[in-house]
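Work through the two exercises below with the sequence and the coordinates side by side, and try each task before reading its solution.

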Amino acid sequence: MLHVVTIPRLNANEDEVLVAEILPGVGDFVSAGQEVLVLETAKAAVSVEAEVSGHVRLVLAAAGRTARVGAVALVLSDAAAEPLGQWEPTVEGGPGPEAPPAPRTTAKERLLARAPRGRGAAREAAPCAPAWTPDPVPSAELDFVLRARAALAALDPLPEGAAPVELGPGSAGCGPGWSVAPGAAIAPGARIVARRVVLAEGAVVGEGTRIEADAVYLGPQAKVGARTGVVTGELVAADGAYIGEGVDVDLGGGRSAESRLLVGRAGLVSPRCFVNTCREVVLEDESALSPGAYVFTHRFWQSVLDGYTVAFAGVRLCADAWVGSGCQVLPGVVVGAGAVVMSNSTVAGPVPPECMAAGVPAVVVRRGLRRELVAADKDGIVRDILREFAGHLAFKGCTVRARGDSLEVGLADGTRRTVVFLPHEARGGHGAQAAPAPGSVVLAFGPLPGAGTGYSVFDLAAREFSGPQDRLVHELRNFLRRRGLRFAPFAWDGGFRHGL
């Protein structure tokens with residue numbers, strides 16, 4: 001009898017995983033419960049075990065390459081020479097000799113075995129790719145920092161010798177040293193104590209949160225969650241940035257001229273993170289710290305006169321970088337643009353752009369995370385998203401009828417709406433699109449004529465939204481966000497309270 005080992009779904013957000021290792025070879029005998037594959041996602045390394053005993057007849061996956069969820073990785077048979085039936089055309093040679101199972105180790109043991117071990121090894125080897133020397137743009141030159149500091153500089157100054165501004169629930173308008181725009185909100189029990197404060201339209205400070213700093217800037221739709229404590233020199237959260245619930249930002253190690261937390265557009269500091277700002281911590285646009293991550297900008301305890309070292313240095317996550325849950329990021333680390341650090345890793349050195357790092361200390365385990373896409377690839381991805389969204393709407397109680405690249409949606413209140421995708425091939429010779437029907441929600445790679453005058457548009461190329469917003473629009477916005485697609489102006493809805 002034949003048996004197959006397939007690629008399992010490891011989380012709801014990834015349809016492909018990296019096949020890190022294939023442990024048996026063709027002809028090997030594996031026992032039920034024996035580890036046969038090691039798979040890696042953005043968050044973890046996971047072992048896959050054989051459900052039954054058998055001889056490995058075919059290996060259809062490739063180590064070091066990605067595989068689709070549900071794809072067949074191995075074909076096993078009860079007997080060593082059993083006919084392969086439907087798999088016969090795939091065979092290029094006969095089965096190899098039967099071999100005893102290889103010694104069993106865990107995925108974590110193998111991952112850690114790749115890294116330098118011990119204090120001496122950690123000092124002698126760069127934790128990640130030593131050939132990459134980070135050269136980030138100085139934080140003072142980042143666009144979101146320039147805009148924030150310009151807004152703070154435009155405030156009327158506090159009188160000389162005056163106490164810091166203290167703002168709480170109900171604070172609105174402006175005065176010396178502070179400005180709270182219409183639509184900004186400070187929840188009950190929250191306080192901001194600073195010498196300069198700007199809360200832009202839609203900015204929110206959550207219940208029970210306390211912020212103490214020289215300067216505080218929360219951009220449009222920026223949010224600081226409930227029960228968060230921030231003590232630092234400067235806090236900037238740009239448009240759509242989110243600092244989650246229960247985050248602790250402190251000055252352990254001593255305050256300095258570089259004590260600041262700067263979070264770029266749509267940047268994310270997830271709940272329960274700890275961020276030390278003895279020195280500067282910068283999250284560039286759309287970079288993220290997952291829940292429970294720890295960021296340190298100082299390291300000291302043993303005496304320098306006994307030959308030990310100390311470290312005081314800032315931390316930078318470049319644009320689109322992602323640090324997984326439970327990671328520790330140590331002083332001086334730069335995580336390159338588009339890089340990923342897997343959960344529970346300790347990052348002691350630079351992580352090159354578009355690489356995946358993992359382990360203690362973290363080392364590069366995969367390169368080239370981002371693949372180049374042509375127009376047809378992107379159209380196919382959006383069509384897949386639209387099909388998934390149709391199922392999601394049905395789960396939410398809507399009636400959905402698919403017609404080509406559009407969905408006819410019946411909402412619970414009886415209204416009918418249309419969600420339309422306009423692929424690349426539908427664009428005219430000059431990039432213009434025919435106007436959709438009023439009330440439509442449109443996905444398109446580029447602007448549309450008359451956008452915002454009766455229909456809503458998600459511009460997939462510019463990642464911008466225009467037009468009316470309602471519960472269907474919020475539902476689609478959140479659905480796209482869970483595919484890594486965020487649109488300006490940003491509207492963070494982590495509680496999903498505004499959707500269907």
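Strands here are DSSP runs of E at least two residues long, numbered from the N terminus, and two strands pair if DSSP finds at least two bridges between them. The model is predicted, with local features needing pLDDT of at least 70 and side-chain atom pairs pLDDT 80 or more, while totals for chains, interfaces and linings use all residues. Residues are numbered from 1 along each chain as its sequence is written, and side-chain values use heavy atoms, without hydrogens and water.

**Exercise 1.** Determine how strand β40 pairs with β39 and with β41, and whether β40 is largely enclosed or open.

Solution. Begin with β39 (residues 399-403), which pairs with β40 in the antiparallel sense over five bridges; R403 has S406 in β40 as its bridge partner. Two residues lie between these strands in the hairpin, where G404 takes a positive phi near 60°. Next, β40 pairs with β41 (residues 416-422), again antiparallel and over five bridges, and G410 stands opposite R416 in β41. This second hairpin has five residues between its strands, and G414 takes a positive phi near 95°. Finally, four of the five residues of β40 (residues 406-410) are buried (under 20% relative accessible area), so the strand is largely enclosed by the rest of the structure.

**Exercise 2.** Locate G208 and describe its surroundings.

Solution. G208 lies in the loop between β15 (204-205) and β16 (210-212). Leaving out residues up to four places away in sequence, G208 touches P188, G189, A190 and R227, contact meaning heavy atoms within 4.5 Å. The C-alpha atoms of G208 and A190 are 4.5 Å apart, although 18 residues separate them in sequence.

Key:
Buried < 20%, exposed > 50% of the residue type's maximum accessible area, 1.4 Å probe, protein only.
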